[in-house]
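Please view the sequence and the model together while reading.

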Amino acid sequence: MDAVHATTWGLEDVLKGSDPEALDALLRRLRAVQDQPPPGPDPADALESLRALLLNISPGVGGTHEDTSAGRAHLATVVDHLSSLAGALPAGVGDPAVWGRAFALYTRVMAAGETEDVHTLRELVAEAEALEESVPEDEPFRFAVLWALGAAVARLGIVTGDRTTVLRALPHIEAGHAGMSALPFADELPLPLPPLPDLDLLRAGLGGGPAPVHEHVPAPPDAAPEELHTAALDLALRFSLTRDPALLDALIGQLERVRDRVREGRAPRIAADALWELAQAYRERGVLKDDVTDIAALEAAKEALTALAADVLLQAGAEHGLLAARSGANRGVQAALWAASQGRLHEAVAVLELGRALVLHAASTSSAVPELLEAAGHHALAEQWRVARGAAGNAEENDGCGEGTEADEGGVPGRMPSTLRRQALEALGYRDEDGLLGTPSLSALSDGIADSGADALLYLVPGEGENPGVVLVVAPRLGAAVGVAPLLSGAGSGPLENYLDATAARDAAAGSGRSADPSAEQTWDEALAALCDWAHQVLGPVLGGVRAGLAEERPAEEREAEERPVAEGPRRDGLLRIVLVPCGRLGIVPWHAASREGAAGREHLCRTTVVSYAASGGEFLRSVRRAPRDPAAAPVLLADPGMDLAHAEVEVMALRDAFYREARMCGGIFELPEEELLPGTPEDVLALLADGASLLHVASHGSAGTRPTVSALHLAAPEGTGAPAADGAAPGNGPDPGMLTVTRLLDRPSARGGADRAYATRAGAGDGAPLVVLSACQTDLSTRDHDEALTLTTAFVSGGARDVVGSRWRTDDAVSALLMAVFHHYVTVDGLGPADALRAAQLWMLDPDRKNPGSLRGPLLRQMERPDLDRARFWAAFIHQGHPGPGRTVPDAGRGAGRGGGGDE
């Protein structure tokens, strides 16, 4: 059993070396022994148990969430094997089943902590307390139970922000660590003793007491990265308690040692966190010394954000990517504020781009990996990647492009599942500056904005507490500029806080199954109106400055051309065309609905400005490179398959009859024979897009999930999968197969065949990317992880759509049907680009003298007569992402007639 002995005795060296290849070699050796076992008792159970254990601790050497998940999936293997050893070990060693149960509990605590699942953490605390009570005081493995209990209580306190709970965990952790150290066979355990912070110091920090009198003990010169990092955290706590500048200098020195290890590739697990702590330490020293020119903090921050982006890219799939990205939430915003305060606009944009939309960027990058590998001469790796992707698609279960293990057949993997992905990305130099993690420069953004026909791109960056936020403006004709925005401070964002509270109350009332609560609805309407006023106070002065600057820069002949009317469409005289990248919770705000009370009544920003949104500058540039398609070339219309949205069928039939007579129809439509309809499953939608749909219009239910990756369009479940349960899960507690989620959109194998070719067209269908219209609730809303900008809308853009229309809140399906009919009129009959068409439809809703544009009939005509269409809840719910350009400003002759644009009925 040389492989087993090598694993037991060599694991500490592997962990210190932080080399995933070394751990992978151990796994392969164990698998090889199992494939060709020596004479004697069958070692399979022991070998599988040990491999599961190694995968569970793989993060210590840079393993991914995919690797850890593979280990967690086989926890029962570890527990069963250890239980089978009862009575077979020497007297005094203890009951290994106790260690197995404690290890399984600890692993589940870590998983619940990663997802911040408070309910599960509370259950695990209760389970750990019960286990601790059941294990005798003299049991040698009791230390593992105490450690698991301490971890459960501590993680609950961290997730809930309760310092008292964290303090309650420390005695358990301390006792567990002491018990493990006191074991006579501690040095023979397969897991090395983890470094422990100074608990007295931690108690002082959590309780606000004085620092302990004992001196800090520095880490030895040959310390492993984890040990160095623990020593640095000790110094950070001491500095927070004493504010002694000498301790701050010592902290920076210690973290610089960690930085050296990171640059050597020896600290992958802690790299992003340790580098960010170094950035914060440098920033603190700059503030103390009143040195506004020191860029050490900014340089460390860029390294930290690059390390985080690399971690996200290494993960397999959106779910795992989000777990990695979550650890660095808001860091890009903080670094951008630092850079802006120093007038470093290039750096401000760079760190913002490095720190946001990481999961979307990873999905887009992953899609291009085979082609990049081929171009770099790594043909074998490219083929392996394609084979793995195909296998994932055939299995209809994809966690990314993990290599898998050819002989495992459901057993514990004999390799780290992330091996292929790591090898491919390392071959492409994914951690190199300006490599796969490169961010768009100001000049690249400026060129993209100019090419798209827009005037400016604005990053809206929130401040914290009393500190103001900033607005970063990139305009091709004006250059780049930064403006301080006091209303974007935490203190100045009262209307946003009130809106979030009102939305939570409104959604809670709707989620209870009761009819709409009139009080909650009125409060929400008032909060939305106040938010729109606040949005105008923020944007108005900024856009006024941009408009004035453009007016000075434009040649006289161009100004004269803009003053000429455009036939049969909204006039563009004086229109400003902007793209917004709102950071943090500012992504919830309907900036396009900004308004104020003027002398002649309500003044709406959209009367003078075309507003489009983007998840990031990088995502914006990817979308504007895509060519448009005529939406009527191969349209797909889908009505709510559940048939409980009364106006969904009205909406899609009106669109078919007026504009898209050859559309492929899906979902629940009473008017059409069943044989003419596709059911409208997620598979139907993805297949139609891959087949070359020019337009996808979905009128169904939508929802923003408790985490953004599970936000979904509610479509039809494939035949034979059964109806979903009341909680949205399918029979067997799996995910509802009728939900088209953000994860499913980003992780589908076809998307990874090339993001800009994911919605490929068949031969003869023409080139170009589709228009996707999501006429459903909350399709551009994220309830948390806001800097990831993960919504159904952004997922479709990332997947290859050129333009996507989505919604910010729960909508009225009758009014949405009306708005969508007018929107498609402006797209197909007047030839406007989607951004302009949406704006035109919203202005039509605001017009008290609105007239039938020529394509409304029946129920939609009756909706047109409603007196309340100018309420923001109705007209402002929908936003545009993608290409912000105007499209054809003068329609083709006879275009409307050919598409069925009829008159009044």
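Contact here means heavy atoms within 4.5 Å. The model is predicted, so local features need pLDDT of at least 70 and side-chain atom pairs count only at pLDDT 80 or more, while totals for chains, interfaces and linings use all residues. Residues are numbered from 1 along each chain as its sequence is written, and side-chain values use heavy atoms, with hydrogens and water left out.

**Serine 327**
- Apart from neighbours within four places in sequence, serine 327 is in contact with Asp273 and Leu308.
- Serine 327 sits in the loop between helix 15 and helix 16 (331-341); helices are DSSP runs of H or I with at least four residues, numbered from the N terminus.
- The relative accessible area of serine 327 is 42%, so the residue is partly exposed (buried is under 20%, exposed over 50%, partly exposed in between, with a 1.4 Å probe and protein chains only).
- Between serine 327 and alanine 272 there are 8.9 Å in space, C-alpha to C-alpha, although they are 55 residues apart in sequence.

**Helix 4**
- Six of the eight residues of helix 4 (residues 65-72) are buried.
- These buried residues are His65, Glu66, Asp67, Thr68, Ala70 and Gly71.
- They pack against several helices, including helix 3 (44-56), helix 15 (318-326) and helix 21 (419-427).

**Helix 18 and helix 30**
- In helix 18, Leu360, Ala363 and Ser364 meet Thr794, Ala795 and Ser798 of helix 30.

Technical notes: Helix = DSSP H or I, 4+ residues; strand = E, 2+ residues; numbered from the N terminus.
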